[in-house]
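Please open the model in your viewer and keep the selection panel at hand. The stops below say what to select next and what is found there.

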2 protein chains.
Amino acid sequence: MDRRLTRRGRARRDQLVDFAARRFAENGYHSTSVTDIVNGLGVGKGVFYWYFASKDELFCEILADAQRSLRRRQQQAIADEDDPVRRLEQGMRASITWLGAHPHLFALVQLATSEERFAGMVRAGEDVAVADTARHVKEGMATGRIPGGDPFAVAHAVLGVTNHLTRALVVERGEKPDDVADAAVAFCLHGILARPTTP
Amino acid sequence: MDRRLTRRGRARRDQLVDFAARRFAENGYHSTSVTDIVNGLGVGKGVFYWYFASKDELFCEILADAQRSLRRRQQQAIADEDDPVRRLEQGMRASITWLGAHPHLFALVQLATSEERFAGMVRAGEDVAVADTARHVKEGMATGRIPGGDPFAVAHAVLGVTNHLTRALVVERGEKPDDVADAAVAFCLHGILARPTTP
DNA sequence: TCTCTCCTTGACCGCGCGGTCAAGCGCCCG
DNA sequence: CGGGCGCTTGACCGCGCGGTCAAGGAGAGA
């Protein structure tokens with residue numbers, strides 16, 4: 001849906017995107033009807049279909065925006081960092097901070113995973129994140145900092161820790177993102193048995 | 001729904017449970033209609049409501065069965081193991097094997113997470129698994145095998161690695177459960193940086 | 001063979017969904 | 001101050017959903 005929008009139009013559109021994103025995250029995709037959204041905003045149904053071709057399209061846009069925003073945050077967090085292990089760490093910290101700051105978008109991604117129409121987008125985004133992480137791991141292996149193994153398996157493990165700890169501790173138990181990031185990084189770098197070498 | 005069932009009745013019920021579980025896992029909860037299920041089995045709609053009070057109830061039953069089955073597998077895997085670290089490892093291996101052997105039930109649990117009605121059940125099951133794991137971690141800390149930290153955070157991290165690696169590598173990429181279990185265990189015990197001590 | 005309970009059928013119901021559209025309002029620019 | 005385009009309204013549509021039910025078949029026990 002492409003329209004020439006005035007300032008007012010852009011504001012309305014943003015309002016719809018924002019409100020819908022929160023409703024989707026709270027109630028799920030199917031349980032959030034277009035009628036719910038427009039009623040919640042106190043506008044007529046036509047407004048929705050003036051800005052979006054379908055409920056699907058709106059959801060896709062929200063999802064794509066969220067993925068883009070998270071990735072940008074990760075990229076800028078590791079931009080001026082040479083050491084691959086430090087890049088990996090900064091990437092994790094950036095993810096946890098971002099996901100903790102936008103819990104409804106985090107929930108929305110989880111949601112999209114179980115919706116066949118959107119699962120492909122999520123998986124694509126995940127693959128990008130894994131590829132990024134795997135690059136750091138490979139580099140670390142090349143310089144001998146990291147012992148051998150499958151970089152993709154390691155990258156997926158890192159992703160698993162990051163996502164799960166953020167959801168369980170930051171989102172559900174309200175712990176501070178920085179503390180959780182410390183725990184997540186320590187776990188991924190040193191595992192359960194080793195004591196982190198405190199320089 | 002409680003009924004006196006003959007052998008024939010029990011067979012029909014099992015057939016419904018099994019077929020529905022696979023459809024749910026493939027197509028999602030909302031996209032799998034009761035009509036789909038009964039048509040897929042070539043029976044009338046009344047058959048469904050003879051055995052189940054509602055679509056909800058059927059889904060709950062499938063989910064609860066899956067959780068019970070997984071937990072039993074975990075318990076029997078660690079039954080005669082004294083060392084807490086080995087218990088933790090055996091629990092991970094049992095989970096990965098079970099999830100890999102029942103990918104549709106794994107998918108179904110993921111599904112249930114994003115469905116407000118069922119999310120509570122999933123979280124309860126997760127809490128049980130985390131509590132189990134955390135007990136091993138605490139014990140390991142008590143005997144000095146594991147350095148200090150938050151046992152719950154560690155347990156959640158282990159769960160994150162187990163679930164994510166199983167999904168990404170076993171289910172989606174078809175890798176062998178045992179190999180993935182090796183990688184998962186190595187990651188959790190030694191992290192990225194340390195080289196596993198091969199005795 | 002009769003009978004009773006278990007099982008099955010499929011037309012039917014009401015509802016709420018995503019989506020449409022003719023009509024009209026009001027802001028902005030000329 | 002007027003015209004037109006951006007925006008809004010809300011009644012309406014067709015559909016497919018979860019769920020119901022009166023009726024009838026079939027198999028086991030008497």
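**Two helices of chain A**

H5(A) and H6(A) are roughly perpendicular to each other, a label that covers angles of 65 to 115 degrees. This is a predicted model, in which local features need pLDDT of at least 70 and side-chain atom pairs count only at pLDDT 80 or more, while totals for chains, interfaces and linings use all residues. Residues are numbered from 1 along each chain as its sequence is written, chains are lettered from A in the order in which they are written, and side-chain values use heavy atoms, without hydrogens and water.

Select H5(A) with H6(A), residues 103-113, whose axes come within 5 Å and cross at roughly 100 degrees. In contact here (heavy atoms within 4.5 Å), Trp98(A), Leu99(A), Gly100(A) and Ala101(A) meet Pro103(A), Leu105(A) and Phe106(A).

**The largest core**

Next, select Val161, Phe187 and Ile192 in both chains, which touch the most other members of the largest nonpolar core, a set of 45 residues. Such a core joins buried Ala, Val, Leu, Ile, Met, Phe, Trp, Tyr and Cys residues through side-chain atoms within 4.5 Å, buried being under 20% relative accessible area with a 1.4 Å probe, protein chains only. The largest share, nine residues, comes from H8(B). Centre on Phe187(A), which touches residues including Val161(A), Val161(B) and Phe187(B).

**The two chains**

Finally, show both chains: chain B can be laid on chain A with an RMSD of 0.0 Å by a turn of 180 degrees and a shift of 0.0 Å along the axis, so the two copies are related as by a two-fold rotation axis. Gly191(B) has the C-alpha of chain B nearest that axis, 1.9 Å from it.

Definitions and conventions: Buried means under 20% relative accessible area, exposed over 50%, partly exposed in between (1.4 Å probe, protein chains only). Helices (H or I, at least four residues) and strands (E, at least two) are DSSP runs, numbered from the N terminus. Axes are lines fitted to C-alpha atoms, for helices over the stretch in contact, and angles run from 0 to 180 degrees between N-to-C directions. Angles under 35 degrees count as roughly parallel, over 145 as roughly antiparallel, 65 to 115 as roughly perpendicular and the rest as oblique. Copies are superposed by least squares on the C-alpha atoms of residues with pLDDT of at least 70 in both. Lists of a residue's contacts leave out its neighbours within four places in sequence.
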